[in-house]
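Subject: The structure I promised you

Hi,

Have a look at it first, then read on for what turned up.

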Amino acid sequence: MLNVENLVVSLRSGIPIVRNVSFRIEPGEILALVGESGSGKSLTSLALMGLLPPSIAITGGRITLDGAEITHLAPHQRVRRGCGKVAMIFQEPMTSLNPVLRIGEQIEEAIRMHDPDSVPAERALELLDMVRIPDAAHQLRAYPHELSGGMRQRVMIAIALACRPEILIADEPTTALDVTVQRQVLGLIRDLCERLGVGVLFITHDLGVVAQLSERVAVMYAGVLVETADVVPLFRAPLHPYTAGLMACLPDPDSDEPHMATIPGSAPRADAIPDGCPFAPRCPRAQSVCRSGTLPLVRGAEGQAARCHFPLTEGALA
Amino acid sequence: MGPYILRRTGAAIATLIAASVIIFAFIHLIPGDPVYVMLGDAATPDQVEELRERMGLNEPLVVQYLIWAGNALQGDLGQSIFFETPVTQVIAEGAETSILLALITMFWIVAFGIPVGVLAAMRQGTWVDQGLSGLAMLLASVPTFWVGLYLILTFAAGLGWFPSSGYPSIFEEGGLSNLRYLVLPSLALAAPNAALILRLTRASMLDVAREDYVRTARAKGIPPYRVVLRHILRNALLAVVSAFGFTFAALISEAVVTETVFALPGIGRTVVQSILRRDYPVIQGVVLVIVCLYLVINLIVDLSYRLLDPRVELE
């Protein structure tokens, strides 16, 4: 089980970008992390991986995996200490594979680090079969540029699985793919999660994908988790006005309204996040109390929770 | 790969023909008549005319060119006016020095430029990087002859570690130990080029380090030194390899200066002296040979580039 407690990620200059983020992921569970570009989703995932760029660091909170603290460990340090592993697949399958090494070499490299007892070539073949790459034996000898985007993303998943992870982070893994390929890759991730008991953190800004794929959702805005909930209650009755705003932006095929809804204003830059609730300047329900101080945690039914003074569902106030 | 080499060789031959025309035309545009150089000021017009006729200088330029090019194809680059021996022999006499000088220089360039460039990139922003990059900037800016003179002053005249000038063949007395004569010249010649390769390696390493696939490699948990060697350096070298063709061109022109400073009996010094003597068959011959070498080296660089990078198609 991955447990993230009060994670703070800051620029070296001291500006926090991700603030007090907490969540947990059980084995076999898919948690969707939703938010706009720049909301801190990707930095949260890189922090979990131990892959933050040198200009950014974890400045608060802790990350534990099956009880072992991994907060400040880079991937190779985690391997050396034998702690549990977090693997990741990235948004851009076209640039995430080394162009001058064969697919097989890139998978086997991970196998040798994480699976020293196996025969790398056999295990690589097994992994390519597992991610449903046809003619796997032949593809092991291919170079990345010889594969399509969907195939490359499958190879990325195979590399991630070669690390025998407890947790798989998927950072918008289907954004760069065709719609039909998207669906196959999503199906693959869900199957593997169930079959191998891997917990998945699925990062996306696509609420449609969230509804198809995951059981739980965390909504991020300006570096803060504003709401976490199971998928069904979240879509039926969001607590936080930002979540509600996102839902309202989904196109409704039955509506005659020619324009799609939008949330007025834009998300604040990381160096200009207002005091109090970061969403207050754009929020239709905001009052003066929202603009300073800490935000109350509001709990709804079925584990739904939001940080808001004026949540939408009155009955949910506990 | 076969058709690619053929096409590439065809292009090289076309370049060679164009270069030969330019070489020939330029030499004949230079003021100064070789016949007067050979005969001296006191020559009578009859003597001059007779020699011109004998050397074929009265033929139209096109005919002269065709004769020269035709002979060159058969390995005959004409007679040196000054030495009165075949040009090929003049070139062959300087070849040992020049080839050894080039090889040793290339060794320094690769042995210093690439590893130090990697080190600077890995220590980006620290005093190590700033010191190395500053040194590289200095070496790249200082003229070769100055570096040469300074090396002579310090290591030959001052410390007496290496000889200051000349080069007896390794086939003469002393054998391979004669190579010590080439240490200072090759260092002088390598300095600016190694500095360029250093800076290129550093810049290329930093570029590649930002690539997504390097993050993928780190995510696998492989040790940092392996990420650097296998994933960053391997790709960064693609840019460095393609620069070696240009480095070679720089070596040729700088070798002329270096061989003069160190009084080495190489091809570069022969060219300089031949220009002063209006010994145009030698100039033409040497430049033509250099063009051939340059084309061959670039062909090799291109082919190796295509072997290193699987994305480049070889059809």
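Asp115(A) is buried, because its relative accessible area is 12%, and buried here stands for anything under 20%. (Keep in mind that this is a predicted model.) Asp115(A) has a partner: Arg123(A) forms a salt bridge with it, and the closest N and O atoms are 3.2 Å apart. Arg123(A) is buried as well, at a relative accessible area of 6%.

Another one to look up is between Arg230(B) and Glu109(A), whose side chains meet at 2.9 Å, N to O. Arg230(B) lies in helix H10 of chain B (residues 224–261) and Glu109(A) in helix H3 of chain A, so this pair joins two chains. Arg230(B), at 23%, counts as partly exposed. This pair also belongs to a network of salt bridges that links Glu105(A), Glu109(A), Lys220(B), Arg226(B) and Arg230(B).

For a salt bridge within chain B, go to Asp207(B) and Arg210(B), which meet at 3.1 Å, N to O. Asp207(B) is partly exposed, with a relative accessible area of 47%. Arg210(B) has a relative accessibility of 64%, so it counts as exposed, the cut-off for that being over 50%.

Now for the helices. Two packed helices are described by the angle between their axes and the distance between the axes. Take helix H3 (residues 103–114) and helix H4 (residues 120–130), both of chain A: their axes come within 9 Å and cross at roughly 115 degrees. H3(A) is therefore roughly perpendicular to H4(A). The crossing of H3(A) past H4(A) is right-handed.

Chain B has a pair to set beside that one. H5(B) and helix H6 of chain B (residues 127–141) have their axes 8 Å apart and pack at an angle of about 140 degrees. That angle makes H5(B) and H6(B) oblique to each other. H5(B) passes H6(B) in a left-handed crossing.

Just after H1(A) comes Gly50(A), which takes a positive phi of about 75 degrees.

While we are on phi, which residues other than glycine have a positive value? Asp66(A) is one of them, with phi near 50 degrees. You will find Asp66(A) in the loop between strand E4 (56–65) and strand E5 (68–69) of chain A. Glu84(B) is another example, with a positive phi of about 55 degrees. Glu84(B) sits in the loop between helix H4 (61–73) and helix H5 (87–122) of chain B. Glu84(B) is exposed, because its relative accessible area is 60%.

Which helix gives the most to the patch? That is helix H7 of chain B (residues 144–158), with 4 residues. Leu149(B) is partly exposed, with a relative accessible area of 41%.

One last stop is Ser292(A), in the loop between helix H10 (241–248) and strand E11 (297–299) of chain A. Ser292(A) counts as partly exposed, at 44% relative accessibility. Ser292(A) and Leu7(A) are 285 residues apart along the chain, and their C-alpha atoms are separated by 21 Å.

Happy exploring!

Methods:
Residues are numbered from 1 along each chain as its sequence is written. Chains are lettered from A and ligands numbered from 1 in the order in which they are written. This is a predicted model: local features need pLDDT of at least 70, side-chain atom pairs count only at pLDDT 80 or more; totals for chains, interfaces and linings use all residues. Side-chain values use heavy atoms; hydrogens and water are left out. Buried means under 20% relative accessible area, exposed over 50%, partly exposed in between (1.4 Å probe, protein chains only). Axes are lines fitted to C-alpha atoms, for helices over the stretch in contact, and angles run from 0 to 180 degrees between N-to-C directions. Angles under 35 degrees count as roughly parallel, over 145 as roughly antiparallel, 65 to 115 as roughly perpendicular and the rest as oblique. A crossing is left-handed if the near helix is turned anticlockwise from the far one by less than a right angle, and right-handed if clockwise. A salt bridge is a side-chain nitrogen of Lys or Arg within 4 Å of a carboxyl oxygen of Asp or Glu.
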